[in-house]
Amino acid sequence: MVRPGRGNGARCSATTLTTPSLRSSRPRITIAGALRAEDFPAAMTRMAALRAPVDAFFDKVTVNAENQVLRRNRLCLLARIRQVMGQV
């Protein structure tokens, strides 16, 4: 089993993935800010903006890659997306 931080190169970070739009947009920060302000329409608008990058991710990336490090990073990204979306 590959575990993040065990010296095997696996990290639970979107910055190691090949999805620049998710990496650069920092959606969690802006969504979290909108939720703290109880601006739910803004939070939903920001979440909706992730649709195209997430769709592209599933179209272009095999999540369950044979490479354990890639698979772990991709699964971490999906968990992060799920966490963000589950806040509303």
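Buried residues, meaning those under 20% relative accessible area with a 1.4 Å probe and protein chains only as cover, make up 32% of the 88 residues in the protein chain. The model is predicted, so local features need pLDDT of at least 70 and side-chain atom pairs count only at pLDDT 80 or more, while totals for chains, interfaces and linings use all residues. Residues are numbered from 1 along each chain as its sequence is written, and side-chain values use heavy atoms, with hydrogens and water left out.

The overall layout is a friendly place to start. The protein chain has five helices and zero strands, and its elements read α-α-α-α-α from the N terminus on. Here helices are DSSP runs (H or I, at least four residues), strands are runs of E with at least two, and numbering goes from the N terminus.

Next comes the inside. A nonpolar core is a set of buried Ala, Val, Leu, Ile, Met, Phe, Trp, Tyr and Cys residues joined through side-chain atoms within 4.5 Å. The largest nonpolar core holds 14 residues, of which Ile31, Ala43 and Phe57 touch the most other members. At least two residues of this core come from each of helix H2 (27-36), helix H3 (40-48), helix H4 (51-60) and helix H5 (68-85).

One loop residue deserves a look as well. Glu38 lies in the loop between H2 and H3, and its phi is near 55°, a positive value in a residue other than glycine. Most residues other than glycine have a negative phi. Glu38 counts as exposed (over 50%) because its relative accessibility is 59%.
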